[in-house]
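Here is a short report for a reader new to this structure. It starts with the aromatic rings and then turns to charges, cores and confidence.

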Amino acid sequence: MGSPRGTSSRIPRRASTLALTTVLALSAAACSEPRVLVVGLDGTNWAILDPLIDAGFTPNIGRLVREGASADLDCVPAHPASACFCPPVWTSIATGVNFARHRISGFDTPSTKRGVRAIWNVAAERGVIVTTASWRGTWPPEPGIEFVFTEPGLDAAAEQVFDVWQAIQHAGRSLDHPLASPPDLLEILGILPAAGVVEPSWAIFGRDRIAMESLLRLAEQRAIVEAQEEFWERRADLTMVLLHGPDKVAHVRWGMLQQTMYGPIDEAALLAGAAEWTGPILEPAPIGWGTIAGPYLEIDAWLGRLLSIRSYDYVLFVSDHGMTRNPDPGIPGHHNVASKEAHRGILSLHGPGVRATRLGPVSVLDVAPTLAYVLGLPIGEDLPGRVLSEAFDADWLLLRPVDANTIPSWSPTNP
């Protein structure tokens with residue numbers, strides 16, 4: 001069913017250090033600031049993640065969660081009329097405002113329709129190196145962001161690198177706008193042109209695997225560049241990646257864990273699926289869907305590799321919603337406004353000054369202000385959310401008050 005090999009062993013490596021060095025060297029002012037990694041886990045809740053952590057199946061995620069502050073994340077404030085719909089929630093995570101202000105309503109809504117600036121815009125304007133991968137609402141790439149891997153770009157690459165089964169979600173967009181920023185970023189990293197053995201992959205897994213492999217290669221090349229201290233000084237850094245596999249597998253496999261609406265979660269079945277995992281699954285459906293545990297183990301293995309290549313001061317895990325049983329047996333996994341059990345996703349923050357604690361429920365609108373705080377960015381006074389001060393040690397807050405760096409708005413021209 002699977003292979004213990006990492007994704008990188010299947011994607012030929014043709015990264016050009018010189019080309020990437022040129023891109024990085026064009027960046028302007030330098031300063032010594034934190035590196036922040038945000039990993040979006042689509043459709044994740046603690047009912048799934050906690051048992052995997054406790055059983056030791058996700059050691060990299062588990063260490064960061066145990067040593068940091070975590071909470072249930074209430075997604076309803078993003079769009080009360082459709083509480084668990086992915087695009088509005090992910091955009092609220094990035095902007096700190098609800099759908100009425102940001103206006104990203106669907107999977108294909110372009111970034112040009114967003115009514116406010118996202119944290120990556122605010123960060124880039126202040127000299128932070130920003131990387132986004134597969135984040136909702138980032139196509140077409142926006143000016144000023146160093147590295148952007150859009151969903152259409154990752155889908156197009158997956159279709160070339162893998163023998164993809166199931167329709168590509170963003171097919172047909174490739175001729176409209178650049179699929180990455182810089183436009184040849186996937187070529188610079190050697191992801192494209194595709195070469196070598198073409199192996200099967202579910203389209204969603206293909207997108208995730210290209211995103212994860214791209215970030216690994218980017219990290220490797222940046223580590224080389226940053227070692228050349230004669231021209232490079234550390235800058236603040238924000239990397240945000242959204243991985244969709246957990247949500248999609250849960251849709252088709254949730255019946256394995258929850259037989260009826262409001263019934264208990266079968267943790268034994270979850271852990272049995274984890275024990276069966278031997279590596280990324282390379283088979284058509286239904287085998288290729290794997291088990292609900294599979295994407296988490298694949299992501300955890302990737303995260304371990306990434307953190308061994310490049311250190312991050314803060315790591316944030318976040319999800320847009322959870323999952324529950326669908327009364328329609330055709331698609332067992334379910335999340336919408338009527339599924340109150342799915343209204344809560346996860347949040348976990350690890351880094352300097354962060355306490356090891358489980359917090360009470362927090363709002364999806366609190367993520368962006370908290371990210372701004374750890375990055376040292378000004379916080380918009382009109383953001384409805386707040387910095388999660390209870391996640392930090394008292395001594396840390398005394399030295400770094402959460403209200404010490406504010407501006408009236410991130411988007412002062414927003415109507």
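## Aromatic pairs

The count of aromatic pairs comes to 6. The model is a predicted one. A pair of aromatic rings is described by the distance of the centres and the angle of the planes.

Take W165 and W202. Their ring centres are 5.8 Å apart and their planes meet at 5°, so this pair is stacked. W165 belongs to strand β5 (residues 163-165) and W202 to strand β7 (residues 200-202), so the pair ties together parts 37 residues apart in sequence. Both W165 and W202 are buried.

How are the rings of W202 and W289 arranged? Their centres lie 6.1 Å apart with the planes at 65°, so the pair is edge-to-face. This pair, too, links distant parts of the chain. W202 sits in strand β7, while W289 is in the loop between α11 (267-276) and α12 (294-309), 87 residues apart.

Is W289 buried or partly exposed? Its relative accessibility is 22%, and the cut-off for buried is under 20%, so W289 counts as partly exposed. W202 has 4% relative accessibility, so it counts as buried. Ring pairs join W165, W202, F205 and W289 into a cluster.

## Charges over rings

Two arginines sit over tryptophan rings. The charged end of R358 is over the ring of W46, 4.2 Å from its centre. R400 lies over the face of W396, 3.5 Å from the ring centre.

## Nonpolar cores

The largest nonpolar core has 62 residues. Those with the most contacts inside it are I48, F149, I191, I210, W302 and F317. Which helix gives the most to this core? Helix α9 (residues 203-226) does, with 10 residues.

Leaving aside neighbours within four places in sequence, I48 is in contact with W254, L257, L270, I292 and Y296. Another core lies apart from the largest one. That other core has 59 residues, among them A69, A71, A94 and V362.

## Confidence

The chain averages a pLDDT of 89. Of the residues, 89% score at least 70.

Where does pLDDT stay under 50? One stretch is residues 1-9, for which the model has 24 contacts beyond four places in sequence. Another is residues 25-31, with 11 such contacts.

Terms used: Residues are numbered from 1 along each chain as its sequence is written. This is a predicted model: local features need pLDDT of at least 70, side-chain atom pairs count only at pLDDT 80 or more; totals for chains, interfaces and linings use all residues. Side-chain values use heavy atoms; hydrogens and water are left out. pLDDT is the predictor's confidence in each residue, from 0 to 100. Contact means heavy atoms within 4.5 Å. A nonpolar core is a set of buried Ala, Val, Leu, Ile, Met, Phe, Trp, Tyr and Cys residues joined through side-chain atoms within 4.5 Å. Buried means under 20% relative accessible area, exposed over 50%, partly exposed in between (1.4 Å probe, protein chains only). Helices (H or I, at least four residues) and strands (E, at least two) are DSSP runs, numbered from the N terminus. Rings of Phe, Tyr and Trp (its six-membered ring) pair if their centres lie within 6.5 Å; planes under 30 degrees apart count as stacked, over 60 as edge-to-face and the rest as tilted. A charge sits over a ring if NZ of Lys or CZ of Arg is within 6 Å of the ring centre and within 35 degrees of the ring normal.
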